[in-house]
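Visitor: Let's go through the ligand site and the pockets. Can you start with a backbone contact?

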Amino acid sequence: MELLNVALPKGRLGEKVYGLLKAAGYPCPAIEEENRKLIFENPEAGVRYFWVKPSDVAIYVERGAADIGVAGKDILLEYGPDVYELADLGLGKCRMCVAAKKDFRDSADRLLRVATKFPHIAARYYSAQSREIDIIKLNGSIEIAPILGLSDVIVDIVETGKTLLENDLEPRETIVPISARLIANKVSYKFKHEQIAALCERLEARKNP
Ligand code: PRP
């Protein structure tokens, strides 16, 4: 049988996801060795894993380079890839928030300057409120923007809230809760249906409540 190609997000979340897959019956001993390889397979378990940048998982899956993968809901909302979302894994839980400096007072008649890595999520959120904004797209360390006066607020991921706190910012509004989702390529879902359905079922039995 053909191996199931699985794109895993490189990093802490990916390690947890691999742990879940291992417990669900898809171990891959080679992946547990310390090395810098990015592709690992275990023919007995029927899987081939790739480590990819978390924000790229959905691209591999959408284009069929991976049959399935694990991506944050933030990425799915921001880029809207044409994939099936099969399950909420209950891992990587956090929320997309608006945050600002503690002394920032908003006034609805002013253009709001919003710094973010997620311009589409931010645009949709404010457009639903008919609020005009100026989006400043950044690629990381978003918390610095309001401190340096680059923006009024940020739209970013908050997990523990520590980064905000340590930079004198506070969460003001929650836009949406975020967690890791199992996604599938639409063609693979049809042609490798049995393998994917079996994996989903075994994961479902293992995942966090
Ligand atoms: C995310 C986010 C915050 C931080 C929030 O950054 O952008 O900076 O995590 O976590 P906390 O609430 O637990 O402090 P990430 O680590 O993804 O890196 P980034 O700087 O590239 O956004």
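Guide: A backbone N or O atom of Glu159 sits 2.8 Å from an oxygen atom of the ligand. That is a polar contact, meaning a pair of N or O atoms within 3.5 Å. This is a predicted model, where local features need pLDDT of at least 70, side-chain atom pairs count only at pLDDT 80 or more, and totals for chains, interfaces and linings use all residues. Residues are numbered from 1 along each chain as its sequence is written, and side-chain values use heavy atoms, with hydrogens and water left out.

Visitor: Which elements give two or more residues to the shell around the ligand?

Guide: Strand S9 (153-158) and helix H6 (162-166). The largest share, three residues, is from S9. Helices (H or I, at least four residues) and strands (E, at least two) are DSSP runs, numbered from the N terminus.

Visitor: And which residues are around the ligand?

Guide: Lys117, Ser141, Glu143, Asp156, Ile157, Val158, Glu159, Thr160, Gly161, Lys162 and Thr163, each with a heavy atom within 4 Å of the ligand.

Visitor: What about side-chain contacts?

Guide: An N or O atom in the side chain of Lys117 is 2.7 Å from an oxygen atom of the ligand. For Glu143, a polar side-chain atom lies 2.7 Å from a ligand oxygen atom.

Visitor: New topic. What volume does the largest pocket have?

Guide: About 910 Å³, taken as the space filled by probe spheres set on grid points joined across faces, edges and corners. On a 1 Å grid over the protein atoms alone, a pocket is an open set of points where a 1.4 Å probe fits, with protein on both sides within 12 Å along at least five of seven lines; lining residues have an atom within 4 Å of a point.

Visitor: How much space lies in the second largest pocket?

Guide: About 310 Å³. It is lined by 14 residues, and the closest to its centre are Glu15, Ile31, Glu33, Asn35 and Trp51.

Technical notes: A polar contact is a pair of N or O atoms within 3.5 Å; within protein, one must be able to donate a hydrogen and the other to accept it, and residues adjacent in sequence count only if both atoms are side-chain atoms.
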